[in-house]
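This report covers the sheet, the contacts between parts and the backbone in turn. Please keep the sequence and the structure open while reading.

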Amino acid sequence: MKLSMILNGRKTEEEIAEGMTLYDFLRSQGCSSVKCGCETSNCGLCTVFLNEKPVLSCSVLAMRAQGCHVDTLEGLQEEAKEFGTFIANQGAEQCGFCNPGMIMNAIALFREIPDPTAEEIKEYLAGNLCRCSGYEGQLRGILNFLDWKKGGVRE
Amino acid sequence: MSRVEEVSCVLRTVNQPLPKKDSMALVTGKPVFLDDVLQGNYLVVKVLRSPHANAMIEAVKLDTAKKVPGIEGIYTWQDVPDKRFTMAGQTYPEPSPYDRLLLDRHVRYVGDPVAIVAGKDEACVDRALKMIKVTYQVLPAISDFHQAKDNPLLVHPEENWKSLCPVGADNRRNLCASELDGQGDVEQVLQECDEVVEGTYHVKANQQAMMETFRTACYIDTYGRLNVISSTQIVFHARRIIAHALDIPQSKIRVTKPRIGGGFGAKQTVVAEIFPAFVTWKTGKPSKMIFSRYESQIASSPRHEMEVHVRIGAMRDGHIRAIDVDTLSDTGAYGEHGPTTVGLSGHKSIPLYGKLDAYRFHYDVVYTNHMSAGAYRGYGATQGLFAVETAVNELAARLAIDPVKLREMNMVRQGQIMPAYYGERTDSCALDRCLKRAAQMIGWEEKYPCRRMDNGKIRSVGMAMAMQGSGISGVDTGSAEIKLMEDGTYTLYIGSADMGTGCDTILAQMAAEVLECPLKDISVCAADTDSSPYDSGSYASSTTYVTGKAVVDACEKLKGQILKEAGKLLGIGEEWLEFEGTGVRSLPEAAVTEARSDAAGTGEGQNRGKVRDDGPLWGCENLHDDRPAQGCENLRDDGPAQGCENLQEDRPAQEHENASMDRGAPALEDRWISLGEIAAGATCGGQIALQAAAANSSPVSPPPFMVGMAEIELDPETGEVELLDYAAVVDCGTPINPNLARVQTEGGLVQGIGMALYENIQYTDEGRLRNNSFMQYKIPTRLDMGRLRVEFESSYEPTGPFGAKSIGEIVINTPAPALAHAIANATGAWLKELPFTSEKIYKAMNGSFTEGEI
Ligand code: FES
Ligand code: FES
């Protein structure tokens with residue numbers, strides 16, 4: 001089967017095996033920011049954008065991305081750096097294994113709800129598990145980032 | 001000003017909330033984890049696992065499986081060495097018994113490996129796994145750990161089982177360890193007490209559930225050695241364990257680690273490493289094994305399930321006089337960390353109470369047909385503290401004394417000897433301040449014990465104290481090596497493992513503090529058994545305290561070396577020199593050698609002489625101009641050996657004195673040489689290694705302390721608990737990086753909350769673990785943890801680096817007892833088994849609850 005998509009802004013065409021997940025496909029394309037933490041669609045580590053909407057790449061067949069735009073953190077480096085600095089300033093990146101998925105979903109949140117409340121943030125990111133940080137530091141980082149976006153100071 | 005405040009005033013890098021050195025790589029998703037860094041083709045390794053809790057393998061049919069295209073090798077118990085070992089990452093000789101084989105004919109839990117399959121990709125390996133036919137002789141199994149000791153059914157009947165340490169192990173009794181410790185006559189004192197609370201508290205075998213599952217890759221290098229890249233907390237122990245498992249010399253093995261996606265103790269056991277190591281050693285081909293979440297849940301190294309029986313006696317006025325702790329621990333099918341975790345259930349709970357007339361602590365650790373337990377953050381202290389703190393809270397209720405007051409009356413304080421803590425004295429203890437502050441933060445006085453809300457729900461508060469250790473006293477060894485690089489920056493080599501905790505950064509912060517340089521000037525290299533100095537590894541809350549001290553010592557040593565080199569270059573005795581971070585300065589009264597004339601006398605020294613006039617050192621101007629090679633080449637052309645020798649010849653102090661006497665001026669102008677110049681100087685005809693190593697082990701393990709207080713809202717209609725607020729105040733000594741200490745605390749609290757409220761471990765009658773995915777094993781999401789507030793009340797630990805103790809483990813210990821307390825304050829029911837599900841709470845409130853039912 002031939003799969004073609006726009007991956008991180010570049011046209012990509014590959015012969016793939018039937019039943020390949022989008023997760024496996026993206027890793028095979030060198031998008032190693034995409035991580036896997038479960039087999040049951042529970043952890044959110046594998047979050048990527050399919051036509052600009054966040055999806056769990058572990059439970060999407062690669063062929064579903066036929067002709068679509070797919071974005072991973074590799075293609076969003078500027079945004080990742082800008083926002084990620086605020087997570088780093090809290091020390092909340094910890095082991096970092098859950099970070100790409102969480103940051104993808106956070107970017108989706110900022111695009112969808114530019115000025116979310118703390119409750120909206122928690123709900124939007126509820127599917128992104130993190131075993132290290134206890135979530136509080138991530139929340140502080142997100143709130144500081146949003147503040148800064150609105151013209152506040154960088155913390 | 002307190003000692004800590006005093007110290008933090010003068011600190012520049014330590015005690016600062018600096019970002020981690022690897023933070024930007026992590027937040028931008030750079031390829032830094034094991035499966036990201038592998039290049040080329042690695043065989044995929046998986047294992048076939050036993051479907052039975054106890055069975056002998058009678059026959060294995062491999063012929064069809066072997067024919068699957070792409071299969072490289074399939075191995076069974078007949079192919080592996082018959083020498084038992086332990087997978088526990090501990091200092092040799094390990095207290096954990098040698099009870100494992102790489103593959104055993106006798107399988108002892110559902111999930112025990114039966115065969116190793118290696119092939120070119122996952123698809124062919126999966127196919128082959130399905131085609132292996134195994135005939136088992138199924139045996140009865142021990143699933144209830146109360147029934148294990150002295151059961152005629154033996155988990156380890158084999159002759160070559162062995163225990164290396166005197167821990168009370170006896171495989172003929174299903175005992176992995178047993179001990180009795182105490183002081184005073186507990187029975188007598190308990191009899192004299194006005195009130196005795198007695199209870200049995202049950203903690204399950206919770207999973208660490210780090211987001212990155214177990215994983216290892218191996219290849220053979222140029223020298224024919226087995227290179228193991230693993231997501232591990234213990235590179236050095238892993239090297240020894242792999243050597244034991246494969247029965248090959250340790251010298252044939254090198255272990256390194258990339259970034260680690262979380263560990264929490266799980267990766268203090270060699271869970272995945274031995275399988276790909278065996279495959280690569282056999283085939284000579286690179287291989288890797290990546291555990292699925294399912295495997296990580298059913299065949300790994302979780303917390304030891306423990307039942308802790310407690311009796312606490314007190315007088316009517318609240319004086320707690322005796323504590324008796326009796327722990328039964330389930331080590332599962334193998335003894336990893338069995339003999340050691342259990343000790344903490346008493347040794348790190350009883351000493352919180354400083355006015356005891358007697359205590360007793362007894363334990364048995366038994367083998368069963370469950371998956372083997374291992375090390376999980378808290379390491380037994382978590383289990384013991386849930387029991388003791390809950391019993392003390394119940395005692396307070398019975399005595400009608402506010403539990404905060406009861407703690408104030410009885411808690412251990414600064415300067416006290418703790419008999420149940422190996423007789424150590426608390427030289428740093430701010431537990432009293434932690435308690436006071438936590439009570440203020442949560443509003444204890446107004447909120448204790450509970451109030452009914454308009455919506456019919458009940459709001460209540462609960463509390464607990466906790467302690468842990470800082471490394472294993474007299475055992476854990478941390479080392480560090482630091483090297484001055486040619487450009488005047490440093491590289492720090494450590495063998496401890498940053499698993500997200502930030503130890504690469506905090507150890508670099510300590511180095512930067514001692515060497516008076518910015519954090520960015522310290523590069524960190526960790527961990528590699530070939531190049532790192534020895535370190536036991538990152539566990540037992542040891543890295544900051546044990547390895548941290550080694551870093552400080554190594555840096556101090558290096559300063560001495562730098563002064564020596566600077567002295568040679570400047571021609572000034574090192575005793576007249578002062579290290580000041582960016583360079584070395586002569587002390588005002590220093591006398592300076594008239595090296596100029598000496599150098600001139602050598603003939604080729606004109607160039608050097610001139611440079612000396614311009615500044616502190618020959619050729620170094622060139623070096624400063626970023627033209628180091630040229631500068632050196634010039635010197636070499638001139639005959640470097642000679643020239644350098646001259647310069648490095650020691651000009652003894654006498655000569656300085658002569659010089660100054662000649663001039664009749666004791667203090668010449670300041671002489672200064674930059675670090676870059678010293679470093680570069682040492683690269684040309686150098687004779688002093690600008691590199692220093694130090695090792696450290698501590699005879700004591702100073703406990704960090706903390707207090708946690710929870711406020712919940714409980715729905716009496718359903719038994720549902722909502723956590724509203726959690727106030728935690730920690731005394732970890734000086735926090736080396738307050739941001740990282742805070743996030744460690746928050747992370748530990750949420751794990752503790754998960755363990756208390758959601759994370760259940762249930763076995764079927766056949767010994768199969770039900771909670772084998774994140775669907776059934778519910779770790780907290782960000783909607784489940786309410787508000788967390790963390791503060792520090794720091795004491796100053798005199799034996800720690802910059803007054804630091806530890807933070808990593810203690811933080812998981814308070815949620816279970818604090819939540820049990822809050823639930824009791826809301827309902828009157830004291831729950832003694834984790835997790836506190838809504839069903840259990842509801843049933844307990846309605847009197848239909850029996851322990852162990854849910
Ligand atoms: S890997 Fe867990 S949700 Fe996709
Ligand atoms: S930072 Fe480790 S899982 Fe989130």
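Helices (H or I, at least four residues) and strands (E, at least two) are DSSP runs, numbered from the N terminus. The model is predicted: local features need pLDDT of at least 70, side-chain atom pairs count only at pLDDT 80 or more, and totals for chains, interfaces and linings use all residues. Residues are numbered from 1 along each chain as its sequence is written, chains are lettered from A and ligands numbered from 1 in the order in which they are written, and side-chain values use heavy atoms, with hydrogens and water left out.

**Backbone**

Pro93(B) is placed in the loop between strand S3 (71-75) and strand S4 (106-107) of chain B. The peptide bond that leads from Tyr92(B) to Pro93(B) is cis, and its omega is near -5 degrees. A cis bond also joins Ala526(B) to Ala527(B), with omega near -15 degrees. Ala527(B) sits in the loop between strand S22 (522-525) and helix H16 (543-570) of chain B. Asp150(B), although not a glycine, has a positive phi of about 60 degrees; this residue is in the loop between strand S6 (133-138) and strand S7 (175-183) of chain B.

**A sheet in chain B**

Five strands of chain B form an open sheet in the order S18-S19-S27-S28-S29, with mixed pairing. Two strands count as paired if DSSP finds at least two bridges between them. At the edges are strand S18 (450-452) and strand S29 (787-792) of chain B, each pairing on one side only. Averaged over the sheet, neighbouring strands are turned by 15 degrees against each other, direction ignored. Axes here are lines fitted to C-alpha atoms, for helices over the stretch in contact, and angles run from 0 to 180 degrees between N-to-C directions.

Within the sheet, strand S19 (residues 458-467) and strand S27 (residues 705-715) of chain B are antiparallel and share ten bridges. Met465(B) has Val707(B) as its bridge partner in S27(B). Helix H25 (residues 815-827) of chain B packs on the sheet and touches S18, S19, S27 and strand S28 (720-731) of chain B, its direction making about 150 degrees with that of S19(B). Contact means heavy atoms within 4.5 Å.

**Two interfaces**

An automatic or database domain assignment gives the domain bounds. In chain B, domain 1 is 3-26 + 477-696 and domain 2 is 34-141 + 208-298. Buried area is the accessible area (1.4 Å probe) that two parts lose on being put together, summed over both.

| Interface | Buried area | Share on carbon and sulfur atoms |
|---|---|---|
| Domain 1 and domain 2 of chain B | about 1600 Å² | 50% |
| Chain A and chain B | about 4000 Å² | 57% |

Met499(B), Thr529(B) and Tyr539(B) supply 38% of the area that domain 1 of chain B buries against domain 2 of chain B, more than any other three residues. Six salt bridges cross this domain interface, a salt bridge being a side-chain nitrogen of Lys or Arg within 4 Å of a carboxyl oxygen of Asp or Glu. Asp530(B) is in a salt bridge with Arg254(B), where the closest N and O atoms are 3.7 Å apart.

The contact between the chains takes 50 residues from chain A and 55 residues from chain B. Six salt bridges are found across the interface of chain A and chain B. Glu746(B) and Arg140(A) form a salt bridge through their side chains, at 2.8 Å from N to O.
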